[in-house]
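Please look through the model shown here slowly, and keep it in view while you read the paragraphs that follow.

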Amino acid sequence: MPWISRLRCCAKHGEFEQTPDKHLKLIGCPGCGAEKLYHARNALAVGEIWRAELLIDNISHPSLSAAKAVLANEINTKRALANESTTK
């Protein structure tokens, strides 16, 4: 029997479809995930590496996994540069 998609409702972004397996994995609203990604990029741009990490750790929507991986790489690069400058 195929998974039946159900409508879920986000208080901020409205309705979105979700299959039971994604619901059990706590994968939430794609709009909320995109918003967290946006705020994580802004945090990284102003040097708040810790805040960017915290935000991307809470992104669970599969459609954002590629963007999340790119941002995680940018965070690691920025952290490496910060560590380099403090050890000199």
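A salt bridge is counted when a side-chain nitrogen of Lys or Arg lies within 4 Å of a carboxyl oxygen of Asp or Glu. The model is a predicted one, in which local features need pLDDT of at least 70 and side-chain atom pairs count only at pLDDT 80 or more, while totals for chains, interfaces and linings use all residues. Residues are numbered from 1 along each chain as its sequence is written, and side-chain values use heavy atoms, with hydrogens and water left out.

With that definition in hand, we can begin with Arg41 and Glu74, whose side chains meet in a salt bridge with an N to O distance of 3.7 Å. Arg41 belongs to helix H2 and Glu74 to helix H4, so this pair ties together parts that lie 33 residues apart in sequence. The names of helices (H or I, at least four residues) and strands (E, at least two) refer to DSSP runs, numbered from the N terminus. Arg41 has a relative accessible area of 34% and is therefore partly exposed, and Glu74, at 36%, is partly exposed as well; on this scale buried means under 20% relative accessible area, exposed means over 50%, and partly exposed is in between, using a 1.4 Å probe and protein chains only.

How are the two helices that carry this pair arranged? Two packed helices are described by the angle between their axes and the distance between the axes. The axes of H2 and H4 come within 11 Å and cross at roughly 15°, where axes are lines fitted to C-alpha atoms, for helices over the stretch in contact, and angles run from 0 to 180 degrees between N-to-C directions. H2 is therefore roughly parallel to H4, since angles under 35 degrees count as roughly parallel, over 145 as roughly antiparallel, 65 to 115 as roughly perpendicular and the rest as oblique. The contact, which means heavy atoms within 4.5 Å, is made by residues including Leu37, Arg41 and Leu44 of H2 and Leu71, Glu74 and Ile75 of H4.

How many salt bridges does a search of the whole structure find? The search finds four, and one of these joins the side chains of Glu35 and Lys12, with 2.6 Å from N to O. Glu35 lies in helix H2 (residues 30–45) and Lys12 in the loop between strand E1 (6–10) and E2, so parts 23 residues apart in sequence are tied together. Lys12 counts as exposed because its relative accessibility is 56%, whereas Glu35, at 26%, counts as partly exposed. Another salt bridge joins Arg79 to Glu53, with the closest N and O atoms 2.5 Å apart; Arg79 lies in helix H4 and Glu53 in helix H3, so this pair links parts 26 residues apart in sequence.

We can now turn to two buried residues. His61 lies in the loop between helix H3 (49–57) and helix H4 (65–87), and it counts as buried because its relative accessibility is 16%. Its C-alpha atom is 5.4 Å from that of Ile27, although the two residues are 34 apart along the chain. The side chains of His61 and Ser63 are joined by a polar contact of 2.8 Å.

Gln18, found in strand E2 (residues 14–18), is also buried, because its relative accessibility is 6%. Leaving out residues up to four places away in sequence, Gln18 touches several residues, among them Arg8, His23 and Ile27.

Conventions:
Polar contact = N/O pair within 3.5 Å; in protein donor to acceptor, adjacent residues only side chain to side chain.
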